[in-house]
Amino acid sequence: MIKSSEFHLRGGRSGVLLIHGLTGTPTEMRFVGNGLHRAGFSVLGMQLAGHCGDDADLLATGWRDWYASVVEAAGRLREDVDHLFVAGLSMGAILALKLAIDRPHAVDGLALYGTTFFHDGWATPPVGRFAFLLPLVTSLGFGRGMVSAEVEPYGIKDERIRRRVVGAMLSGDSQAAGLAGFPWRSLAEFQRLSRTVRRQLGRVRAPCFVAHSSHDDVASLRNVRIVERGVRAPVETLLLDDSYHMVTVDQERAKVIERSAAFFRRVADGRAPEPLQGARLAAAIE
């Protein structure tokens, strides 16, 4: 039976919905949640459907179930606040974009951490790089029971935090650290979600704050460029030089929290985001 790991920190009239990643847990958003709460925001760290249990629990759900849980949590938080911001990590960032696409009048701004449309970082296992084939492979009945194991450095550069997270993950404590691998059928569902959102990015009107590691081991800077070029809204980009994929728990998390809070305040006050760093990024990685 899946237990709830959601956390709700009541604060001011601006609220932030926090969405964790695929196979992850609300715990990976806890540092950011606590920091934003100290900055005066109400915070809801939601739990995606099928997560914080075992592989079978996750495989009983698909991307539409994950997204439905985002819609439900956003509706609950929206009732209590005047401004709703949505922040997601990895696949959580894709779900945040989907919510802004479908409910433009409900979402005031987005924070996208380690945005992952493609698993194409420097430590991505081969199955991740060919994950775009998984919807076809799994629809043909192949890959049942197959799991792509997480690998070093597990998205975390800080060795102390990495040891703690990996220890919990490998011990089977999925509530604290998520699953130790990605079932192929769940990766196929992720690919379907990614493809859907990429096609719809031009409908995003909410301003975006993007925080991404320059050395992301899971998702390359190509994923940042997709956001910057695809959305029809201001994008403020923060590139981090001393972190890996899990920027919400890694060595520069304080910077992520500070910049997120400042971004949300500016949007709530009706001020434009800071000038694009992203324009220089896009040119640099051409």
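**Entry 1. Proline 153**

In which loop is proline 153 found? I located proline 153 in the loop between strand E6 (147–149) and helix H7 (159–170). Here helices (H or I, at least four residues) and strands (E, at least two) are DSSP runs, numbered from the N terminus. I looked up the peptide bond that joins glutamate 152 and proline 153 and recorded it as cis, with omega about 5°.

**Entry 2. Basis of the entries**

I am working on a predicted model, in which local features need pLDDT of at least 70 and side-chain atom pairs count only at pLDDT 80 or more, while totals for chains, interfaces and linings use all residues. Residues are numbered from 1 along each chain as its sequence is written, and side-chain values use heavy atoms, with hydrogens and water left out.

**Entry 3. Positive phi values**

I noted tyrosine 154 in the loop between E6 and H7. Its phi is near 60°, a positive value in a residue other than glycine. Tyrosine 154 counts as buried because its relative accessibility is 18%; buried means under 20% relative accessible area, exposed over 50%, and partly exposed in between (1.4 Å probe, protein chains only).

I then looked up cysteine 52, which lies in the loop between E3 and helix H2 (55–59). The phi of cysteine 52 is near 75°, again positive in a residue other than glycine. With 8% relative accessibility, cysteine 52 counts as buried.

I examined the pairing of strand E3 (residues 42–45), taking two strands to pair if DSSP finds at least two bridges between them. Strand E1 (residues 7–9) runs antiparallel to E3 and is joined to it by three bridges. Phenylalanine 7 has glycine 45 as its bridge partner in E3. Strand E2 (residues 14–19) runs parallel to E3, with four bridges between them. Glycine 15 has serine 42 as its bridge partner in E3.

I checked both faces of E3 and found them covered: Ser42 and Leu44 are buried on one side, Val43 and Gly45 on the other. E2, helix H1 (residues 30–38) and E3 form a β-α-β unit that is right-handed. A crossover is right-handed if, with the strands pointing away from the viewer, the path from the first strand over the helix to the second runs clockwise.

I compared the spans of two helices with expectation, which is 1.5 Å times one less than the number of residues. Helix H4 (residues 91–102) has twelve residues and reaches 17 Å from its first C-alpha to its last, close to the 16 Å expected. H4 is mostly covered, with eleven of its twelve residues buried. Among them I list Met91, Ile94, Leu97, Lys98 and Ile101.

Helix H9 (residues 184–200) has 17 residues and reaches 25 Å between its first and last C-alpha, close to the 24 Å expected. Twelve of its 17 residues are buried, so H9 is largely enclosed by the rest of the structure. The buried residues of H9 include Trp184, Glu189, Phe190, Thr196 and Gln200.

At 0% relative accessibility, leucine 193 counts as buried. Leucine 193 and histidine 215 are 22 residues apart in sequence and 25 Å apart in space, C-alpha to C-alpha.

**Entry 4. Pocket and cavity**

How much space lies in the largest pocket? I recorded about 740 Å³ for the largest pocket. Of the 43 residues that line it, the closest to its centre are Glu28, Glu150, Tyr154, Ala177 and Met246. The elements that give two or more residues to the lining are H1, helix H5 (126–129), E6, H7, helix H8 (174–177) and H9. H7 gives the most, with six residues.

For the search, on a 1 Å grid over the protein atoms alone, a cavity is a set of points where a 1.4 Å probe fits but cannot get out, and a pocket is an open set with protein on both sides within 12 Å along at least five of seven lines; lining residues have an atom within 4 Å of a point. Grid points are joined across faces, edges and corners, and a volume is the space filled by probe spheres set on the points.

By class, I found 25 nonpolar, 13 polar and five charged residues in the pocket lining. Ala, Val, Leu, Ile, Met, Phe, Trp, Tyr, Cys and Pro count as nonpolar, Asp, Glu, Lys and Arg as charged, and the others, Gly among them, as polar.

The search of the whole structure gave one cavity of 30 Å³ or more. I noted that the residues lining the largest cavity include Thr23, His51, Cys52, Asp54 and Leu179. This lining divides into three nonpolar, seven polar and one charged residue.
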